[in-house]
Amino acid sequence: MEDASSQRQTPKVQSISRRFSYAFIGVVTLLLFGFAAVAIFINITETEKELERRLDYSLNLSRTSLPKALWNLDDDVVDDFVESLFLDEAIAHATVMWANQVIIERTRESFQGTDFSNPDQSSPLIVKTSDILFEGNKVGAIRIAMSRESVRDELILNISGIIALTILIIVGISLTSVAITSRYISRPLLQLQNSATSIAHGDLEAPIEISGRDEIGTLARDLNAMRESIKKLFEELRESNEKLEEYGRTLEQKVEDRTAELEHAMGEAQEARAAAEEANKAKSHFLANMSHELRTPLNAILGYTELILDNMYGEVPEKSREVLERVEYNGRHLLGLINDVLDLSKIEAGALTLSLADYSMKEVVTTVITAVEALAMEKKLALKAAVPPDLPIGKGDEQRLTQVLLNLVGNAIKFTDEGEVSLQVRASNSEFLVSVTDTGLGISEADQQKIMEEFQQADASSTREKGGTGLGLAIAKHLVEMHGGRLWVESRPGKGSTFSFTVPVRVEEAKEAT
């Protein structure tokens, strides 16, 4: 019970809304601070322009008010005019010159000792000089210096307001993003992922929220339809097994009751055998039909999942993509199980045929190694292959031989925790001999025969932990025998295992599997 419960546990999923919100808030923050920087720059620029306008206004006023006073050398009027200029608190200095002589010069106390004739770029002053003309003749000049510090407090207040407003907008967007993402994306996807995981582990009563009207709701309804089809399949399988058991009990009873009447008993036995075979065929046809029925909703689920992952319904957050990839992985795992059941039902019904054509055994090995290389690297296992360069071109069903070899190498990696998995191919006496050797736990003699049968696995606890349906080796054995070859295992507990099979180099006609 502890093993089962541990298998049902799923890794803790980090908050999807948190990761999406962090990314979204980061982008919004950069944009808003960019806008704030632009606004501050514009504010500073406009303040500078306003000081320039005020200074130009004072100069224009001087060119209007001082010409006659300078012509008449009326110092009182000039002095009163300069006094009026200093009513503007931004004015720091003013100098009025007649010819080349300074007749009036006034400076605010805070700027005493400042050189107003040549301020640099970093100076807090704006200095401008203008000639005074009377009837077209220059009678003097005026130089006015205006301080930027006079508007510093107003500028700081404006900048503080812009920054505060920016922070307030960022906080509002952050809270809204977290709430919306958690409610409409993270929570529904996490519920759907938990339901899919429970169903994949055999809990067919797991609750599925199907009230949504969006793509996630459609995905949930398809998952629920698949769950109902699986329940129906299991119920009909149970009824089929009960019928088979009833046929077996009937057959045994008839044989026991009519032992004395051998001829009649044999007739009854043949009838019962025919009935059992018919029931077995019915089971095989039923499995084939139900496998097709299961694939329809499952393919729909996988199709919608792929559309969402391909951003057909909008951009998918990274954490949502991780959850959807888990749903897709479980769906494809279930589809593989259904395909195994379908292959087995075809074999039992005699409907599976080989597509014979020329093939390269070296390419078959390369395809398998490429497919399982990532699994071996994940478990830190050495994966080796020894294939002679002069192998002859074979004739057979390349796809089915690839399926056999992929099953053997995949099992070797699954049941090996350290060491290596090696694959070797040889050709002799018009046969290919293919061997897959691992350094795993090994298999007892009692289990070596059992693992080749349908729905059978070794009883070791490690085998149960690895999972599986017990169909892979049975299907592989049937496919090898249809090629006219055989499959066997050599193993000792604690010493690893070697699975081998032979097939004719040139298969001219498919054989009947035993």
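## A walk from a loop to a sheet

Let's start with Leu 73, which sits in the loop between helix H3 (67-71) and helix H4 (75-85); helices (H or I, at least four residues) and strands (E, at least two) are DSSP runs, numbered from the N terminus. The model is predicted, so local features need pLDDT of at least 70 and side-chain atom pairs count only at pLDDT 80 or more, while totals for chains, interfaces and linings use all residues. Residues are numbered from 1 along each chain as its sequence is written, and side-chain values use heavy atoms, leaving out hydrogens and water.

Leu 73 is not a glycine, yet its phi is positive, near 55°. With a relative accessible area of 45%, Leu 73 is partly exposed (buried means under 20%, exposed over 50%, partly exposed in between, with a 1.4 Å probe and protein chains only).

Now move on to Lys 380, in the loop between H9 and S6. Here too phi is positive in a residue other than glycine, near 60°. Lys 380 counts as exposed, at 76% relative accessibility.

Strand S6 (382-386) leads us to the sheet, where S6 and strand S10 (486-491) are the edge strands, each pairing on one side only. The open sheet has 5 strands in the order S6-S8-S9-S11-S10, with mixed pairing; two strands pair if DSSP finds at least two bridges between them. S6 runs parallel to strand S8 (residues 420-428), joined by 5 bridges, and Lys 384 has Ser 422 in S8 as its bridge partner.

Finally, helix H9 (residues 361-378) packs on this sheet and touches S6, S8 and strand S9 (431-438), where contact means heavy atoms within 4.5 Å. The direction of H9 makes about 175° with that of S6; axes are lines fitted to C-alpha atoms, for helices over the stretch in contact, and angles run from 0 to 180 degrees between N-to-C directions.
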